[in-house]
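Me: I'd like to go through this structure and ask where each label comes from. Can you set the values against the cut-offs for me?

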Amino acid sequence: MLKLFEFILLFVLIGCSISVACTRDLLTSIVIFMSYSLVMCVIWVLLQSPDLAITEAAVGAGVTSILFFVTLKKIRAIRKEKTDEPEEG
């Protein structure tokens, strides 16, 4: 049963890596990258290496993803949706 779970995680990992490379939307690729890091974190736990799992969760899914989101906001790749309501003023 555990081997089946490991193979499923491996295929999800490969699928995430291919999806990140093929996705044209930057926001979508960041979310896929976060899921890649979380799957990698679970794999490190299964390999009985909790120190690497914690590092992968903190750096891969945490800090790096936040930096990517901030970068997208700075280059204005993430824009606020405009509403049709007139501004008061």
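Reply: Contact here means heavy atoms within 4.5 Å. Before going on, note that this is a predicted model, where local features need pLDDT of at least 70, side-chain atom pairs count only at pLDDT 80 or more, and totals for chains, interfaces and linings use all residues. Residues are numbered from 1 along each chain as its sequence is written, and side-chain values use heavy atoms, with hydrogens and water left out.

Me: What makes Cys16 count as buried?

Reply: Its relative accessibility is 10%, and buried means under 20% relative accessible area, with exposed over 50% and partly exposed in between (1.4 Å probe, protein chains only). So Cys16 counts as buried. Cys16 lies in helix H1, and its C-alpha is 9.9 Å from that of Val31, 15 residues away in sequence.

Me: How many helices and strands does the protein have?

Reply: Three helices and zero strands, and from the N terminus on the order reads α-α-α. Helices (H or I, at least four residues) and strands (E, at least two) are DSSP runs, numbered from the N terminus.

Me: Why is H1 called roughly antiparallel to H2?

Reply: The axes of H1 (residues 2-22) and H2 (residues 26-46) cross at roughly 155° and come within 9 Å. Those axes are lines fitted to C-alpha atoms, for helices over the stretch in contact, and angles run from 0 to 180 degrees between N-to-C directions. Angles under 35 degrees count as roughly parallel, over 145 as roughly antiparallel, 65 to 115 as roughly perpendicular and the rest as oblique. That makes H1 roughly antiparallel to H2.

Me: Which residues make that contact, and how do they divide by class?

Reply: From H1 they include Leu2, Phe5, Leu9, Leu13 and Cys16, and from H2 they include Ser29, Tyr36, Val39, Ile43 and Leu46. The contact of H1 with H2 divides into 15 nonpolar, four polar and one charged. For those classes, Ala, Val, Leu, Ile, Met, Phe, Trp, Tyr, Cys and Pro count as nonpolar, Asp, Glu, Lys and Arg as charged, and the others, Gly among them, as polar.

Me: What about H2 and H3, how do you know that they are roughly antiparallel?

Reply: Same test: their axes cross at roughly 175° and come within 8 Å. H2 and H3 are therefore roughly antiparallel to each other. Residues in the contact include Phe33, Met40 and Trp44 of H2, and Leu52, Gly60 and Phe68 of H3. By class, the contact of H2 with H3 has 17 nonpolar, four polar and one charged residues.

Me: Which residues form the largest nonpolar core?

Reply: Leu9, Leu13, Val39, Met40 and Ile43, five residues. A nonpolar core is a set of buried Ala, Val, Leu, Ile, Met, Phe, Trp, Tyr and Cys residues joined through side-chain atoms within 4.5 Å. H2 gives the most to this core, with three residues. Leu13 touches Tyr36, Val39, Met40 and Ile43, not counting residues up to four places away in sequence.

Me: Is Ser29 buried or exposed?

Reply: Ser29 has a relative accessible area of 12%, so it is buried. Ser29 is found in helix H2 and touches Val20 and Thr23, not counting residues up to four places away in sequence.

Me: And what makes Phe5 and Leu46 partly exposed?

Reply: Phe5 has a relative accessible area of 39%, so it is partly exposed. Leu46, at 29%, is partly exposed too. Phe5 is in H1 and Leu46 is in H2. Their C-alpha atoms are separated by 9.9 Å, although they sit 41 residues apart along the chain. Leaving aside neighbours within four places in sequence, Leu46 is in contact with Leu2, Phe5, Glu6 and Leu9.

Me: Why is Gln48 called exposed?

Reply: Gln48 has a relative accessible area of 71%, so it is exposed. Gln48 sits in the loop between H2 and H3 (50-74), and it has a positive phi of about 60° although it is not a glycine.

Me: How much of the protein is buried overall?

Reply: Buried residues make up 19% of the 89 residues.
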